[in-house]
Amino acid sequence: MKRERLLLPFLAAFLLLPFACSCDWYPVTIAINVETADGHSRLDPDSEYFIGENVTAVYEGKSFPMEIPGPGTKAYVPQFFGLKLFNHYPSGSWYLEFGEFEGSESQDITVKLIWPDGTSDTIRCKHTVFTPLAVSTRWTLNGERTTSPVTIVK
């Protein structure tokens, strides 16, 4: 009985901990890898497989053309930037990223990518925050469940 009385305050503290601490939230971004059926990157600007700069994302009825940013800094400032092309160091692989969205809020994000040949792909990200320590993010590509980064074969 004595052990149970000692355990009860610890259990209560553990359950209330998520509500008592301040949490830093990571923003939600949609990372997209585009490659050929043979595995060649379609996003490397120096590659013969590059699909060009005419890729557009549509989110809530607004179009976001792809940007190729210059070199960045080490300082992190979360912000909504639309659709950008990035080179992942040290692997050297190229990918698109769309975002950033507030990571501390539950959201249902749908982004439509329009490719230079007129075709499109739709990515849905369902980000659910249950508690600060329980977060679920589900991804679909054209209605089929997938993982992040989303890989599109073109």
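**Close-up views of salt bridges, ring pairs and a sheet**

**View 1. K154 is partly exposed, at 31% relative accessibility.** Partly exposed lies between buried, under 20% relative accessible area, and exposed, over 50% (1.4 Å probe, protein chains only). The model is predicted, so local features need pLDDT of at least 70 and side-chain atom pairs count only at pLDDT 80 or more, while totals for chains, interfaces and linings use all residues. Residues are numbered from 1 along each chain as its sequence is written, and side-chain values use heavy atoms, with hydrogens and water left out. K154 forms a salt bridge with D121 (a Lys or Arg side-chain nitrogen within 4 Å of an Asp or Glu carboxyl oxygen), and the closest N and O atoms are 3.6 Å apart. K154 sits in the segment after β10 (150-153) and D121 in strand β7, so the pair ties together parts 33 residues apart in sequence. Strands (E, at least two residues) are DSSP runs, numbered from the N terminus. D121 is buried, at 8% relative accessibility.

**View 2. D108 and R124 are joined by a salt bridge.** The closest N and O atoms of D108 and R124 are 2.5 Å apart. Because D108 belongs to strand β6 (residues 107-114) and R124 to strand β7 (residues 120-131), this pair ties together parts that are 16 residues apart in sequence. D108 is partly exposed, with a relative accessible area of 41%. R124 is also partly exposed, with 35%. The structure has two salt bridges by this rule.

**View 3. E97 is buried and has no salt bridge.** E97 is placed in strand β5. The nearest side chain of opposite charge belongs to K84, 8.7 Å away; Lys and Arg count as positive and Asp and Glu as negative, with His and the chain ends not counted. Apart from neighbours within four places in sequence, E97 is in contact (heavy atoms within 4.5 Å) with T29, I30, A31, F81, G82, L83, K84 and F86.

**View 4. Ring pairs join Y59, F64, F80, F98 and F101 into a cluster.** The structure holds 10 aromatic pairs. Rings of Phe, Tyr and Trp (its six-membered ring) pair if their centres lie within 6.5 Å; planes under 30 degrees apart are stacked, over 60 edge-to-face and the rest tilted. F80 and F101 form an edge-to-face pair, because their ring centres are 5.6 Å apart and their planes stand at 65°. This pair links distant parts of the chain, 21 residues apart: F80 is in the loop between β3 (62-65) and β4 (82-88), and F101 is in strand β5 (residues 93-101). F80 is partly exposed, at 36% relative accessibility, whereas F101 is buried, with a relative accessible area of 6%.

**View 5. F86 and Y95 form a stacked ring pair.** The ring centres of F86 and Y95 are 5.8 Å apart and the planes are at 25°, so the pair counts as stacked. F86 is partly exposed, with a relative accessible area of 24%.

**View 6. Four strands make an open sheet with mixed pairing.** The order of the strands is β4-β5-β1-β10. Strands β4 and β10 are the edges, each pairing on one side only; two strands pair if DSSP finds at least two bridges between them. Strand β1 (residues 28-35) pairs with β5 in the antiparallel sense, over five bridges. I32 stands opposite L96 in β5.
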